[in-house]
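Please look over the model shown here.

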Amino acid sequence: MAKSKEKFVIIDGNALVHRAFHALPPTMSTKDGEIVNAVYGFTMILLKVIKDLEPNYMAVTFDLAAPTFRHKEYIEYKANRVKQVDELYQQFPRVKEVVKAFDIPIYEQEGFEADDVIATLVRDKAVEKIQSIIVT
């Protein structure tokens, strides 16, 4: 019987936070009034990934606020993208607290988007015994 490959799950943190924020009502808040709908949604997805995929290894990637190499190459990159509301961006530190509480490493790199970091993490196929799974 062939041994199954170990699983390395890489989560696109930005994508899941945005998805959760827009999927759940912004009425979800702490007793102090801090909106946490994206934190809650991200955490529910994280728990489902852990339960359903049973990864051996995990990582979460996030974008940083600094411009990426794409912005430097093409000034109009994402020029027409609408800036999201502050209530979304204010939840990223809490989401990162959740990830750290699960002892999952966070990968971010100035000048690169989370997608680029994901590509770097899965690029090296020298270890063929590990299956890379991207959750976005």
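The report covers confidence, the sheet and the salt bridges.

## Model and confidence

This is a predicted model, in which local features need pLDDT of at least 70, side-chain atom pairs count only at pLDDT 80 or more, and totals for chains, interfaces and linings use all residues. Residues are numbered from 1 along each chain as its sequence is written, and side-chain values use heavy atoms, with hydrogens and water left out.

Mean pLDDT (the predictor's confidence in each residue, from 0 to 100) is 86 for the protein chain. Of its residues, 80% reach 70 or more. Helix α2 scores highest, at 98, and α3 (residues 69-73) lowest, at a mean of 59. Where pLDDT is low, the predicted coordinates should not be read in detail.

## Sheet

Helices (H or I, at least four residues) and strands (E, at least two) are DSSP runs, numbered from the N terminus. Strands pair if DSSP finds at least two bridges between them. Four strands form an open, parallel sheet, ordered β3-β2-β1-β4. β3 (106-107) and β4 (130-135) each have a single partner strand, so one side of each lacks a neighbour in the sheet.

Five bridges join β1 (residues 6-12) to β2 (residues 57-61). F8 has Y57 in β2 as its bridge partner.

## Salt bridges

There are four salt bridges (a side-chain nitrogen of Lys or Arg within 4 Å of a carboxyl oxygen of Asp or Glu). In one, K48 and D52 bring N and O atoms to 2.5 Å. Both lie in helix α2, four residues apart.

E97 pairs with R94 at 3.3 Å. E34, R94 and E97 are linked in a network of salt bridges. E108 and K96 meet at 2.4 Å, N to O. This pair links distant parts of the chain, 12 residues apart.
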